[in-house]
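Here are some friendly notes to read alongside the picture. Take them one at a time, and look back at the model as you go.

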Amino acid sequence: MRAEGTFEVASFVPTDTAPEPAIETAVPVGVSRLEKHYQGEITGRSATLFTAAYDQATGTGTYVAMESFEGEVAGRKGAFNYAHCATTRDGGSREAEFFVIVPGSGTGELAGITGTGGLAVDDDGTHRVWFEYGLG
């Protein structure tokens, strides 16, 4: 099954968390907390732990995120975790993407959810998300 939606980042809060021991590289590493709100076949919200090595000047870097989603997917209510990462170059193109729904994390009508998905950002800034999933 496939469900699609859009999302907006409601908050993006950098934290004090830093790698230990401190190692200086050409691109700084940071950790942030995000809240997202979803619309479409995917509705609800998520809380995200977001780690990135990102160069603001060039828009190049890589991120790793773990999200806890609660809401509805194609009309089924519940919650689950999903993880994703990607590399961006020159502030736009995405490559080396990874996206997975964490097995065993589903609750409610989403218990047993497994699968993959993806994220995309349109030229107008619209953020899209989709899940290719099964219920088990």
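1. Let's start with the surface. The protein chain exposes about 7,800 Å², and carbon and sulfur atoms supply 54% of that area. Accessible areas come from the Shrake-Rupley method with a 1.4 Å probe, and for residues only the protein chains shown count as cover.

2. A word on the source. This is a predicted model, in which local features need pLDDT of at least 70, side-chain atom pairs count only at pLDDT 80 or more, and totals for chains, interfaces and linings use all residues. Residues are numbered from 1 along each chain as its sequence is written, and side-chain values use heavy atoms, with hydrogens and water left out.

3. Now the overall build. The protein chain has eight strands and zero helices (DSSP runs numbered from the N terminus: strands are E, at least two residues; helices are H or I, at least four). The C-alpha trace spans about 45 × 35 × 25 Å along its principal axes.

4. Follow the strands next. Strand β3 (residues 42-55) and strand β4 (residues 60-73) run antiparallel, joined by 14 bridges; two strands pair if DSSP finds at least two bridges between them. Leu49 has Met66 in β4 as its bridge partner. The hairpin of β3 and β4 leaves four residues between them, and Gly59 in the turn has a positive phi of about 70°.

5. Is Ile113 buried or exposed? Ile113, in strand β7 (residues 113-121), counts as buried because its relative accessibility is 0%. Buried means under 20% relative accessible area, exposed over 50%, and partly exposed in between (1.4 Å probe, protein chains only). Buried residues make up 29% of the 136 residues in the protein chain.

6. Which residues does Ile113 touch, not counting those up to four places away in sequence? Among them are Phe80, Ile101, Val102 and Tyr133, where contact means heavy atoms within 4.5 Å.
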